[in-house]
Amino acid sequence: MRHLISAGELSRDDALLVLDTAEELARVSDRSIKKLPTLRGRTVVNLFYEDSTRTRISFEAAAKRLSADVINFSAKGSSVSKGESLKDTALTLEAMGADAVVIRHGASGAPHRLATWVRGSVVNAGDGTHEHPTQALLDAYSMRRRLGRLEGLKVAVVGDVLHSRVARSNVLLLHTLGAEVTLVAPPTLLPVSVETWPCQVSYDLDAVLPKADVVMMLRVQLERMNASYFPSAREYSRRYGLDRDRFARLHDDAIVMHPGPMNRGMEISAEVADSPRSTIVEQVGNGVTVRMAVLYLLLGGSEPAIGGTA
Amino acid sequence: MNTILIKGAAILGGDPADILVRDGVIAEIGDLAGTAAELTVDAAGLVALPGLVDLHTHLREPGREDAETVETGTQAAARGGYTAVHAMANTSPVADTAGVVEQVWRLGQEYGHCDVQPVGAVTSGLEGRRLAELGAMADSAARVRVFSDDGKCVSDAVLMRRALEYVKAFDGVVAQHAQEPRLTEGAQLNEGEVSGRLGLNGWPAVAEEAIIARDCLLAAHVGSRLHVCHVSTAGSVEILRWAKSKGWDVTAEVTPHHLLLTDSCAESSPVGPYNPIYKVNPPLRTEEDVRALREALADGTIDCVATDHAPHPVEDKETEWGVAAMGMIGLETALQVVQEAMVDTGLLDWAGVADRMSARPARIGRLAGHGLPIEAGAPANITLYDPSPRALVDPSAMASRSRNTPYEGMTLPGRVVATFLRGRPTVLEGKLV
């Protein structure tokens, strides 16, 4: 594997290798010195065209724990805001010797284009409304840690599927790993061709909840309301929000996930978000571990993930 | 050059015959062995077609001479076997006055690679607010008969009605770019399976079909002539078939790329996923649409092939999909693509190709002297085409100033060997004269 651009490109073995490698690396996180020498002398560029502090620092922490040199290249205050093209930026990074470029971009497919212009590995940290594969990997990792398995898990993904890169990556990855995904959303927030995706679809959250092992709530942006995807925040929340009453209908072992940032009171109520069955904070920590695994597997190659001491 | 003898050409794919051209006019057709001429062209194995006519070309001049000029665009046209092109109005300044259309027309005359017939804008500045001076453009030296806001839809129903009515006074036609603007805000790719997977904003077929349906009804109501640009969906074909069955004066065109390529190119192609070389307006559609378009062109529901040749400089295409310019060049590959999609599939014979790529577009554009049968007395606008070779498309060999061909990395059949404009060769042995 040279790049990680789409969760759909991962075979079952590839995906399990990432999750198993992350498990190994997690043990290091329990040590007092968390740093590994594995990627010493390698350069990882975080190329962020969208503001996303949480994803950027997650990748940054992951790269630094593997001893890579990290360059943060943010679109704001750089030549990008002066109109430099993605291609020219790519050639610049190439000339600086980037071994991996982690890219977050508002345009779907930007990582694919980048990969045609750089020799290093490209890691998709979210492209437009397309994919966010490391989020799906960390979600799968979090599910497996909590519930012990992925095969046969019933996962409900609830919210703005149409505009969600998290939903696309999760559907593809979870299908590969044998989980059963049901997308739940108002019809306006589902792609017209969603019936061709490897998952079930429902408009009725209450019908789906009692059978779910995992409920993953997606962020719903309020500007969708102005574009008439739904009439009001209150109506959305009433029909598709995870509040206390709905939470009570989940079975006892079911967990609640959210990729963040949350709109408390909109798609998820505060008490659900803060309950012990919510993995939302855990997901953040797992994100670093899984991204370490991805960078290690793309760049580390032959060396063992956990060598001597740093 | 006063006399040209074209030897052994298969006129419309028929039996080989010799064609003698004298002073720009076809003088004689038959077995002309022993006839002397100043230029003799061996056309054994070649199909002779009437010079092709494009209803829909973007020559970009004035304003975007970095993408194309009248000179390079008409060179590309000649290389593609065209003897006349209609230059679309979305230049800068917009071709919405007699002055601009005359400028474009004169540039065409000056370079002489093919005839350039300017198209006038329907509304001032393509802004969709008030009519441009359509009559002044019609009365100008450019004799404009086709009016179009192409690139933008005349979406206001009242304005469209008035335009359809008004151009009747000078036998004009409104060529509509059918795209309901609200349904296509931020649209990137045909709305369907591929756009859903790729996370690209969907461009629904209904945005085209709803406008075509409305315009057919409007044209019928006011008894006007309507032409529909670049039809791209199976649903549009159904609406056109229905409108024609009513006897309404509605014509339509399809581009070569919509006859061959589908939205799946955005996902997998010889040039990689999300390559905006395939980004075009209207977007590439599905296999089912391609099938319907081919059948409609074969049965005449769609009247003609028009290239929508849309040159863009490299930097406008070497980008992310979302910010890339829409459009692809097509003059130099149109006949090859039509052979691949229509002739080699048995849907059209060469007489059908001549009808759809020369006779009918000339008639729709009211273009005198073009689209006439190859017979004695007609102006010698002739294209000689060799359907036998098959080769990789080479963008760097094209005459267009731009390189945004979607066929890079593909092989296509055929080759334009020679083009004659009123008896003057513009292309010989595949090269510009």
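The model is predicted, and local features are given at pLDDT of at least 70, side-chain atom pairs only at pLDDT 80 or more, while totals for chains, interfaces and linings use all residues. Residues are numbered from 1 along each chain as its sequence is written, and chains are lettered from A and ligands numbered from 1 in the order in which they are written.

Chain A holds 12 helices and nine strands, taken as DSSP runs numbered from the N terminus (helices H or I, at least four residues; strands E, at least two). Its radius of gyration is 19 Å, in agreement with the value near 19 Å for a compact globule of 310 residues; the radius is taken over C-alpha atoms, and the globule rule is 2.2 Å times the number of residues to the power 0.38. Along the principal axes, the C-alpha atoms of chain A fill a box of roughly 55 × 45 × 35 Å.

The contact takes 23 residues from domain 1 of chain A and 20 residues from domain 2 of chain A, two residues being in contact if their C-beta atoms, placed from the backbone, lie within 7 Å. On the domain 1 side, the elements giving two or more residues are α1 (12-29), β4 (121-127) and α12 (280-300) of chain A, and α12(A) provides the largest share, six residues.

A UniProt "binding site" annotation, from an unreviewed entry, covers K82(A), R165(A) and R219(A); such annotations may be inferred rather than shown by experiment. R219(A) sits in the loop between β8 (214-217) and α8 (223-226) of chain A. With 18 other C-beta atoms within 10 Å, R219(A) is partly exposed.

The largest nonpolar core has 235 residues, and V215(A), L295(A) and A48(B) have the most contacts inside it. Such a core is a set of buried Ala, Val, Leu, Ile, Met, Phe, Trp, Tyr and Cys residues joined through C-beta atoms within 7 Å. Its largest share, 10 residues, comes from α12(A).

Terms used. A residue is buried if 20 or more other C-beta atoms lie within 10 Å of its own, exposed if 12 or fewer, and partly exposed in between; C-beta atoms are placed from the backbone.
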